[in-house]
Amino acid sequence: MADDVGRSPAGPLDRAFAILTFIAEQKKALSAAEIAAALALPLPTAHRLIGNLEHRGLIQKALGTKRYVVGSKLVTLSAKTIGAAFRTVRRQAVLSAVADRIGEQCEIGVVRDDAVIYVDSVRSKEHQGLQFNPADTAPMHCTSTGKIYMSRLPEKTRNRLAHSLVLSRYTPTTIIEPSELLASLEETRRRGWAKTNEEFVRGVVGCAVPIVSPAGDLIACLGVSVPVARVGFEGLDAFIGPLQEAAALLSETILQDNEDI
């Protein structure tokens, strides 16, 4: 990214990374001219680098426009990177400790292409519940991780997404009305964590808390899914404190350098 005195990044690789970073940080699609101006790049240079990044699937045009957003390959890479970041000795120890503390399997989930993908999980020694393995996917509207992700979006984006998603019914309690989903998302936004009441799999309840960067950006979610016969919907509240403590520990380590792996 351009430095404090307005100069553009030095080399082609620096400039390409600056473009990716800038696009990823924005909440709207950007034109090539906007990208060039923000990064102090000559417009022909910006067009050339944008074309190369688009060809590799790292950025793409927003549907029906000539403006750019992050590409599907970059989103896929980011999910894999987050998964790899959690598979370290220290972070696995945190996950194992919280799983044993609450007696349930814990999973790490991220959102990719309007779906939840699970990038890591640790099973408790005590119980087994609904098991999400790495690379398993689930819908956003009926999972705790999906609700946390959507709840943190700007209001207009949240409303647009709630009305554009296919709200498929998986159980009798799946939320399939946009207005009801938005009310659930507002509650999630207000309290900072999410619960689901047999919304994806009948007989299974779940909850999740956000894992955020030091800057407050959402990295992933830490959650648990359990049979309702063992833990009722209201009983999930007892898991929130331990999950939040573990999420805070993961947040402290996720961007630290020189960690043993």
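Which residues line the second largest pocket? We will come to the answer after a walk through the rest of the chain.

A word on the ground rules: this is a predicted model, in which local features need pLDDT of at least 70, side-chain atom pairs count only at pLDDT 80 or more, and totals for chains, interfaces and linings use all residues. Residues are numbered from 1 along each chain as its sequence is written, and side-chain values use heavy atoms, with hydrogens and water left out.

The protein chain holds 9 helices and 8 strands, taken as DSSP runs numbered from the N terminus (helices H or I, at least four residues; strands E, at least two). Of its 261 residues, 46% are buried; that means under 20% relative accessible area, with exposed over 50% and partly exposed in between (1.4 Å probe, protein chains only).

Now look at helix H3, residues 43-55. Its 13 residues reach 18 Å from first C-alpha to last, close to the 18 Å expected at 1.5 Å a residue, where the expected span is 1.5 Å times one less than the number of residues. Thr45, Ala46, Leu49, Ile50 and Leu53 are buried in H3. They sit on the same side of H3 because they cover an arc of only 125° around the axis, taken from the directions from the helix axis to the C-beta atoms. An α-helix has 3.6 residues a turn, so residues three or four places apart point the same way. On the other side of H3, Pro44 and His55 are exposed. The cover over the buried residues includes helices H1 (12-25) and H2 (32-38), along with strands E1 (59-61) and E2 (68-70), judged by contact, meaning heavy atoms within 4.5 Å.

The loop between H2 and H3 contains Ala40, which has a positive phi of about 55° although it is not a glycine. Ala40 is partly exposed, at 34% relative accessibility.

Back to the pocket, then. A pocket is an open set of points on a 1 Å grid over the protein atoms alone, fitting a 1.4 Å probe, with protein on both sides within 12 Å along at least five of seven lines; lining residues have an atom within 4 Å of a point. The second largest pocket is lined by Lys147, Thr173, Ile175, Glu180, Ser184, Glu187, Thr188, Arg191, Lys195, Asn197, Glu199 and Phe233.
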